[in-house]
Amino acid sequence: RSEEFADLSKKEESRMPMYQDALARFSKIPTAYPETEFANKQQFKIGLVYDKMGEVEIAVEEYVKLAYKYPDSEHIPEVMVRLGRQFQKQGQVFKDKADPLREKTDTESQAEVLRLDELSYPSFIKAAVIYGKLQERFPDHKLAGLAGLASAQNYMRAHYDDLALEGFAKVVENEDYDDLSIRAQALYWTGLLYERMPSQLRKKAYEAYNRTTCECPDSKWAKAARGRLTQSSFETLAAEERLRR
């Protein structure tokens, strides 16, 4: 209950002692009774409390311990999501620093963009791999579709475009992901990815956006796709398609 009271407290100076008390309680069972059914639950809570305390590196270590000690734990999918999210955040820190410099043309700014991007890629790739493993290992889990989407997005951020396209395709083609917003988003991001590729692949971007509008017409991603399709280059492709019909 210390953890619950800490969550409710608005003052950090009040929360921290309660979190410390919760950690002391949670740590007893995995240490003293590692084989009991409650041990994996408490190990998960240890990582969760460190997460809430802002001790990210320690939280990651505790989550990894859970995955290693209790590979069949019901908490493994959530742990994988949390690990993936942490690595994605690490990569995003560097990307956010690089983004304001991308429009600058001086040599120093461009060199800094390259440096920051290179620092971000390993974290994005780690996130992509973790999310991908969740999707593969727990295909029927409620988080599988979102994990597949997050995996592809992180490969895209790291410019592993072929792996990103494969990941988006897995999401789009899996009808078990019955939340259309997930599949619509995968189609939309496929279009964006093709847009940044060589111009001869622009038709594939057009096709992905069209599928988004046709298959998921009421989603916000369809609205975004319609916006992309107003570009002049896509209007040309649309005119060519009408002629073929």
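Trainee: Let's start with Tyr63: buried or exposed?
Mentor: Tyr63 counts as buried, because its relative accessibility is 0%. Keep in mind that this is a predicted model.

Trainee: And Phe44, buried or exposed?
Mentor: Phe44 is buried too, as its relative accessibility comes out at 6%.

Trainee: How many aromatic pairs are there in the whole structure?
Mentor: The search turns up seven. In one of them, the ring centres of Phe44 and Tyr63 are 6.3 Å apart and the planes sit at 35 degrees, so that pair is tilted. It links distant parts of the chain, with Phe44 in helix α3 and Tyr63 in helix α4, 19 residues apart.

Trainee: What about the rings of Tyr188 and Trp189?
Mentor: Their planes are at 80 degrees, so they go down as edge-to-face, with the centres 6.4 Å apart. Tyr188 is buried at 10% relative accessibility, while Trp189 is partly exposed at 23%.

Trainee: Changing topic: how many salt bridges does the search find?
Mentor: Twelve over the whole structure. Glu74 and Lys41 make one of them, with their closest N and O atoms 2.7 Å apart. That pair spans 33 residues, from Lys41 in helix α3 to Glu74 in the loop between α4 and α5.

Trainee: Are those two buried or exposed?
Mentor: Glu74 is exposed, with a relative accessible area of 56%. Lys41 is partly exposed at 30%.

Trainee: Which residues are linked in a network of salt bridges?
Mentor: Lys95, Asp99, Arg102 and Asp117. Within that group, Asp99 bridges to Arg102, and the closest N and O atoms are 2.6 Å apart. Asp99 is partly exposed at 30%, and Arg102 is partly exposed at 32%.

Trainee: What does Asp161 form a salt bridge with?
Mentor: With Arg196, the closest N and O atoms being 2.8 Å apart. Asp161 is in helix α8 and Arg196 in the loop between α9 and α10, so the pair ties together parts 35 residues apart in sequence. Asp161 counts as buried at 18% relative accessibility, whereas Arg196 is partly exposed at 37%.

Trainee: Last one, Met156. Where does it lie?
Mentor: Met156 is in helix α7, which covers residues 144–157.

Trainee: Why does Met156 count as buried?
Mentor: Because its relative accessibility is 7%, and the cut-off for buried is under 20%.

Trainee: Which residues does Met156 touch?
Mentor: Leaving out residues up to four places away in sequence, Met156 touches Asp161, Ala164, Phe168, Trp189, Leu192, Leu193 and Arg196. Both partners of the Asp161 and Arg196 salt bridge are among those contacts. As for Thr190, its C-alpha atom is separated from that of Met156 by 9.6 Å, and the two are 34 residues apart along the chain.

Conventions: Residues numbered from 1 in each chain as written. Predicted model: local features only at pLDDT ≥ 70, side-chain atom pairs only at ≥ 80, totals over all residues. Heavy atoms only, no water. Helix = DSSP H or I, 4+ residues; strand = E, 2+ residues; numbered from the N terminus. Buried < 20%, exposed > 50% of the residue type's maximum accessible area, 1.4 Å probe, protein only. Contact = heavy atoms within 4.5 Å. Salt bridge = Lys/Arg side-chain N within 4 Å of Asp/Glu carboxyl O. Phe/Tyr/Trp six-rings, centres within 6.5 Å; stacked < 30°, edge-to-face > 60°.
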